[in-house]
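Welcome! Please take a look at the sequence and the structure below, and then we will walk through them together, beginning with a single residue.

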Amino acid sequence: MKWIAQHWNNFWFSPASADNLGLCRVIFYGSMLLFYLLTPLLFPTWGWHENFSDWGKVSLVFWQPIWLFAQFHIPRFSIELLTAIELTWRISLALSCIGLFTRLSTAVSFILGIYLFGLPNSFGKTHHLDILMVFCFLILAFSRCGDAWSVDCLIRKAGHGSLARSRTLSGEYTWPVRAIWVVTSLVLFAAGFSKLRHSGLQWITGDTMAIFLIQANYHVTDAEPLTSWGLNLAQYTRLSHLLAAAAVMLEITFPIALFSRRARWFIVPSGALMQLGIAALLGPNFYQMMLCYSLWVPWDRVAARLKKQHGNQNKYVLLFDGGCGLCDRTVAIISSLDLLGCVEFCDVVKQRPEIEKRFPHLRQDQWLTHMHVITPGGRVRVGFDSYRTLARVLPLGWLVLPGLYLPGVSVAGSRIYRAVASRRHRGACPLPGSAFPDGSQSGKNLEASYTQQEPTTSGASLASWGETERASKRKIGS
Amino acid sequence: LIDEAMEKDQTTDNVAVSVIIPAYSCTEYIRAALESVFAQTFTNFEIILVNDGSPDTEMLEHLIAPYRDRIIYRKQENRGLAGARNTGIRAARGTYLAFLDSDDCWPPEYLAAQIKLFEKSPSLDLVYADALHFGDAPLPRKAFMQTSAPPVSFEGLLAEGGQIIPSGTVARRQVIVDAGLFDESLRRCEDYDLWLRIALRGARIAYQPSVFALRRVHSNALTANDTKMLEAEEQVLSKFEKSPELSEETRALLLGRLASVRAYLELEKGRRQLLSGDTDRARDCLGNAYAFFRRENPRPRGMSIYLVSDSKALKFLRRAKLRVLLWGLGTAPRLTVFGAKTWGDFLQALNCLRHPLRTREPKRVTVTLAVAIALLGLACMALAKFAIPPLIASAYRGESWPIFNRMIHGQSSHSLANYLVYWDHLRRTFLLLFFVVGLLIVGIVRPEFQAAFWRPTLRSPEGSSPVVPMARQRLLAIYALLAVIVGGSLLDIIRDTEHWPFSNYPMYSGVENSFSLTMFRLFGVTQDGSEISLHNDIRYLQPFDNSRLPQAFEYVAEKHQLREAVLDCFLRYEALRRAGRHNGPQLEAMRLYRVYWVLDPLARNVDHPDHKDLFVEVRQSETTGP
């Protein structure tokens, strides 16, 4: 019992950070959104993923509701309502992807998704390409996938304003991914099991595969085969037997990927390749299902590796006032957006001696009152310019970067920064307010004064600080 | 201690209410408690969170980190609830003190309502509200108080017991300081003790009917241990026994109450001795309890409220049970102990299903439950095999009780044998389910199972970040979801059926032996009279695809509505063509054929079937309608 329980819990609830689930959410909903937005435009000849609202135009003579619709008496709605449902569903996919109102948007994605996916299947034939997605929607709607990599998370951080990314571990972030794995395995296992149950080994040893390969070229499948190679393969009996055996073997043994990390590396890509092969030779496309395979990738480790690679390079140093609630919240957001780990955060309240030692050229009264960013090259950016510099570093900042360089934005941005900075102490900020209101130096003047100022203690120019730091790192490394 | 607290008066600034939250092993609930305070509509308060030497301090501090700038945090060695609250009182600056246990919550309007009552009657010293239970079974959604006359005097408190819960209480700080704060020698009922002392000093106490606190019920709560609560209550009441300030009437009331508590305590002790097999001591304790209950039948109030029910029937049953037990202990002590243990195990097993992780003697409980289920199953099996078939036969002939006769008598569409076969099938399914569910129940009461599956405690793989445990309700919900998804899928896979979105995935699973193909196909007749296959371009018949449409025609053919179906396809083809969604030719007619191919290895005959039977033809003129 102990052994079972231990393995059971390790599988379902081994503590993990919210990062992997959050990234899975972004990738799953993002890819679904792109797929359903773009493929009808890019590949209009694919058959079945067209606008769902088109089913509103089909005569109810064809209506043969699937079990779910029949049990709950779910009707086919009017075209207008279907269009509204489809639009809402796509919006919910977008919101789920960015993680805004995540609980609600994922729930809406599932509820509307199950209706939209079920609708075509109620017109004559059930396809099985979208079932996995329905379960993925359900599982993600039930999970706490918005706890990381989401706008909701940023908003929460902005509210709490703690610099340290709250990296709590919980089984809550493990089970959804594992549940998706289990469902994927069940889908593939069931397909293999059905073949053996209905046809036995004859499915492999007979002409079944060869006939399927030829039939696929008679316009019988939901999408045309990508190639006509199937006709050539069907000529070789042993090759078609081999294909059939490989397909059944892979489907039956797919659940092994749940338990063996090594087997996972082989089985999961093989599953994706098999479905790609089906699209190429037989026609049916499992593209959405193949997107679900991306949830087998440990995205948090990928992100951590990327971050580590970038983190090893020289970092931008951000000096901020940790005693000021507004600054703290701002930095909490920036730290969340720092996906590549390019920014080092220094709290001038807590790390004052360290900062004085590292940056002797900076004026203490100024770094206490303005946000400073020191580039790896040693250049100092202050105030609004520090934000502009950060926009270059943060991947999501690239979206707004062109806007920050439009004429007039710099002047307006500096004014806004000064206005906010001068008022920040009215809240909970215990430090003295900005020097701007009494007409002292602005950010630009400060930067100019830094570049003119010679270091007094260390003898090295600020511009060469990067070199100094690199040297010191090498020293530490050695 | 009091002087120190008094000194605070001089430094008190404008804070109206000091909210005191003692924290000990409460990481699951502390955030909810804090959030409920921050959500108050009354905002002039400070929060003093006292960490009473909690073993999970690291986790606690991590959880409260986002709130640290908004609360006053004190950490101390473990001194119990009283010690923690006293620390909070000493640090308090507010005129009023509001107590909130770390596992409880307040509704947003709680403080505002309490303070409003103080403002309405400035002479009030203490105001308390009722509480709604939430959390574990069996008390959720029930109010804490059981009477319509809440106690507001010493006598009332004695009679009604611990009806004032700290999480629903707001008091003037001065009154509590004058009463001497909480008694730190008490580990339980320290609040009851303080309320009694305050009442004895003549303080004005009022009941707040317009708002409820939210009291969490869970197995880790201090109040969850009934015996210890009774012992603590006895300790508190004993303190007042010799108080000179009591009138004769009040003293009599106090002694009566004390006797009642002691009787309940004897009852509890007797039960424990009985289960441990010490028959002599059990007989003494139960005898003492019986002597009291025989004489009097007190209303079970106060701390013992969770222990016994108030109903007359149960009081009678308790007396009868005690009498039987005492008789049994006198005549056949070992048999009585065995019977009591078995009965206790059975009750415990039932209780385990409601309160997992409380199993005390898992082996006995498991065996008792397994035997009970097996016996019940066998009884059901015998009943279903031998008693029900004759009943069905007599009901079929209309010779049984009217209720059964009405069910099947006169329904001549099925023979008696049919009913019996159906019953046999039903019986087997039911028994199978019964034993499977029974086995599951036996498994569930095992502590290993509960500990493993209800509250998995896994260590952090990195050892650095704290692990947030999952609540039991959440786990239950997750298991339910997984059971639905995996169970539904497995059921369809095993039974080879399909209940979308569950499926057995039968696509491409059949054997194909013949190099031929037969299916419905739509052809369009162009204006020059030639036929084109409408399956060559998938856009012609959207949203149908080449796999779905032929299948759909098969279904429609069974309904004999092929003409309507082809007409619909014709109209949609033309509508799509006019909308520019395909560039097919304008059609004069649309024909539905059942076509037959002998498969060519290179599919060269795809546009020339070997044979085709015309089923329906719809002409352009028919599409315009009447």
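B:T250 counts as buried, because its relative accessibility is 5% and buried means under 20% relative accessible area (exposed is over 50%, partly exposed in between, with a 1.4 Å probe and protein chains only). You can find B:T250 in helix α10 of chain B, which covers residues 248–276. Helices here are DSSP runs of H or I with at least four residues, strands are runs of E with at least two, and both are numbered from the N terminus.

What does B:T250 touch, not counting residues up to four places away in sequence? B:T250 touches B:F154, B:E155 and B:L158, where contact means heavy atoms within 4.5 Å.

## How to read the model

This is a predicted model, in which local features need pLDDT of at least 70 and side-chain atom pairs count only at pLDDT 80 or more, while totals for chains, interfaces and linings use all residues. Residues are numbered from 1 along each chain as its sequence is written, chains are lettered from A and ligands numbered from 1 in the order in which they are written, and side-chain values use heavy atoms, with hydrogens and water left out.

## Chain A as a whole

Chain A has 24 helices and 4 strands. Of its 478 residues, 56% are buried. The accessible surface of chain A is about 21000 Å², and carbon and sulfur atoms account for 65% of that surface. Such areas come from the Shrake-Rupley method with a 1.4 Å probe; for residues, only the protein chains shown count as cover.

Now think about contacts in chain A between residues at least 6 apart in sequence: 74% of them join residues at least 24 apart.

Let us visit A:N20 in helix α2, residues 18–42 of chain A. A:N20 is buried because its relative accessible area is 14%. Leaving aside neighbours within four places in sequence, A:N20 is in contact with A:V177, A:V297, A:P298, A:W299 and A:D300. With A:D300 there is a further detail: a polar atom of the A:N20 side chain lies 3.4 Å from the backbone nitrogen of A:D300.

Is A:R264 buried or exposed? A:R264 is buried, with a relative accessible area of 16%. This residue sits in helix α14 of chain A, residues 261–281. Beyond its neighbours within four places in sequence, A:R264 has contacts that include A:W181, A:F259 and A:W296.

## Where the chains meet

The contact takes 89 residues from chain A and 89 residues from chain B. In chain B, the residues that lose the most area to chain A are B:W500, B:Y508 and B:R548, together 12% of what that side buries. The area buried between the two chains is about 8200 Å², with 67% from carbon and sulfur atoms. Buried area is the accessible area (1.4 Å probe) that two parts lose on being put together, summed over both.

The interface has 3 salt bridges, each a side-chain nitrogen of Lys or Arg within 4 Å of a carboxyl oxygen of Asp or Glu. A salt bridge joins the side chains of A:E172 and B:R474, at 2.7 Å from N to O. Among the elements of chain B that each supply at least two residues of the side touching chain A are α17 (447–453) and β8 (516–526). Helix α18(B) gives the most to that side, with 14 residues.

Notes. A polar contact is a pair of N or O atoms within 3.5 Å; within protein, one must be able to donate a hydrogen and the other to accept it, and residues adjacent in sequence count only if both atoms are side-chain atoms.
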